Protein chains: 2
Amino acid sequence: MKTKQPFHHGSLKQALLDASGALLDQQGPEGVTIRAIAREVGVSHAAPVNHYKDREALLTALATVLFKDILASVQEKLSDKNLPASTRISAFAIVLFEYAMAYPNRYRLLWHTGLVNHDDPELLDVMDQFYNACRAEIAGAGLCSEQDTETYAIALWSLVHGYTDLRLTGMFEAKNDTISGRPRLEAMLDMFLNPSHAKSP
Amino acid sequence: MKTKQPFHHGSLKQALLDASGALLDQQGPEGVTIRAIAREVGVSHAAPVNHYKDREALLTALATVLFKDILASVQEKLSDKNLPASTRISAFAIVLFEYAMAYPNRYRLLWHTGLVNHDDPELLDVMDQFYNACRAEIAGAGLCSEQDTETYAIALWSLVHGYTDLRLTGMFEAKNDTISGRPRLEAMLDMFLNPSHAKSP
DNA sequence: TCCTTTAAGTTGACGTTGTCAATATTGACA
DNA sequence: TGTCAATATTGACAACGTCAACTTAAAGGA
């Protein structure tokens, strides 16, 4: 048995992130504690401090990784250049929503002030990329006047984030949202992207 | 000095709620700990358990009170029967947003899964009242076909909640949301309630 | 090759938290 | 007056984040 645990892990920083992600999926944001992560990786409870200043720093790094995944997912979907404008725009909404439904705890972490530092430059950078890409897509589609694009983009993100968040807290699940989530989202997007919804028969 | 602290507080349950609200405003949801509340009220750290099963129960009760305040605020605004339909509808949005800006920590608590139990019947009841009132107002205005009212109402709540939440995390504050919050919200509501925004000059 | 430096991991401690069990106090009611 | 149930206190426990002191090992220069 020469395969004893080496004193130096070698890639603990990455291992910590991986374990954090797994813990997050299983137990939710509250379950992602420094000590639990350390246990998972098989390292002492104070080892993580060498790689992340504190719990918030670790969770912020994790959130950044997760949001990068979302961004990459959108970009991949948009790589098809033949998509109609409305499809390209709603891609931002669909990807975000589906991600949240597939990994509710990850989405929850992203917006968990108190665990994540939303002033972190790296995290801000990724979120800005997401927003700017969305904004650019809207501007390119000519859906509204140029001066309204900002409002339009903010409204789109707000709509999707709001619906997603309310849904994750179980707000519509029970009674009113009889149509399961995704179709409802698409109905809202349709209303939003196609203003001719008013007073339809 | 006959004014010694009586052993029985008399109205500890209410005092706990009051102290929780004050702590919430000052320190945010994480600062509202059982022990801190007990200290504030001047009672032993285990006293609250007689009135609330655990921390989650206490914070859920607090959230219920806060949401009742919001609902009452909306109802008061709607008591004027001469308001135009669009004003009545946007009242839900405005009140919610202004409340969140005035008391950010309270709004944060409302949606803080892990601290608040969103399956609590009393809390659900208040939220249902809020949603149903909003839905009724939309249905009455005839803004959309009857079968679309549900989607319309959910979209409105999602839009406002999403914008509010993103704004509280500081998302637009820095760069893009140069127009301060309230005007931006009104621009979005205008876009939402008045579909003629498409391709305006 | 040996010695030093330094990054990385461990151990043990401290203060804080939520919660529980055991105990004490009090007010109300018989 | 005596009893009981509600209410409050005390003390304990485990888990947490963080820090300081220590140990280990790897790397690099002499």
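Visitor: Which residues of α8(A) are buried?

Guide: This is a predicted model, in which local features need pLDDT of at least 70, side-chain atom pairs count only at pLDDT 80 or more, and totals for chains, interfaces and linings use all residues. Residues are numbered from 1 along each chain as its sequence is written, chains are lettered from A and ligands numbered from 1 in the order in which they are written, and side-chain values use heavy atoms, with hydrogens and water left out. A residue is called buried under 20% relative accessible area, exposed over 50% and partly exposed in between, with a 1.4 Å probe and protein chains only. By that rule the buried residues of α8(A) are Gly181(A), Arg184(A), Leu185(A), Met188(A), Leu189(A), Met191(A), Phe192(A) and Leu193(A).

Visitor: Against which elements do the buried residues of α8(A) pack?

Guide: Contact here means heavy atoms within 4.5 Å. Elements of both chains take part: α4 and α7 of chain A, together with α7 (149-168) and α8 (181-193) of chain B.

Visitor: What length does α8 of chain A reach from its first C-alpha to its last?

Guide: The expected span of a helix is 1.5 Å times one less than its number of residues. Helix α8 covers residues 181-193 of chain A, which is 13 residues, and the expected value is 18 Å. The helix is close to that expectation, reaching 18 Å.

Visitor: How many helices and strands does chain A have?

Guide: Helices (H or I, at least four residues) and strands (E, at least two) are DSSP runs, numbered from the N terminus. From the N terminus on, the elements of chain A run α-α-α-α-α-α-α-α. The count for chain A is therefore eight helices and zero strands.

Visitor: What share of the residues in chain A is buried?

Guide: The C-alpha trace of chain A spans about 75 × 40 × 30 Å along its principal axes. Among contacts in chain A with a separation of 6 or more, 64% join residues 24 or more positions apart. Of the 201 residues in chain A, the buried share is 50%.

Visitor: Which elements cover the buried residues of α3(A)?

Guide: Helix α3 of chain A, residues 55-78, has 24 residues and reaches 35 Å, close to the 34 Å expected. Its buried residues include Leu58(A), Leu62(A), Phe67(A) and Leu78(A). The cover over the buried residues of α3(A) includes, from chain A, α1 (12-27), α2 (34-41), α4 (85-102), α5 (104-110), α6 (121-141) and α7 (149-168).

Visitor: How many salt bridges are counted between domain 1 of chain A and domain 2 of chain A?

Guide: A salt bridge is a side-chain nitrogen of Lys or Arg within 4 Å of a carboxyl oxygen of Asp or Glu. The side chains of Asp25(A) and Arg106(A) meet in such a bridge, at 2.8 Å from N to O. Between domain 1 and domain 2 of chain A, the count is one salt bridge.

Visitor: How many salt bridges are counted between chain B and chain A?

Guide: The contact takes 46 residues from chain B and 46 residues from chain A. About 4,100 Å² is buried between the chains, 66% of it from carbon and sulfur atoms. For salt bridges between chain B and chain A, the count is zero.

Visitor: Why is Ala61(B) counted as partly exposed?

Guide: Ala61(B) has its place in helix α3 of chain B, residues 55-78. Leaving aside neighbours within four places in sequence, Ala61(B) is in contact with Leu17(B) and Tyr52(B). Ala61(B) counts as partly exposed because its relative accessibility is 22%.

Conventions:
Buried area is the accessible area (1.4 Å probe) that two parts lose on being put together, summed over both.
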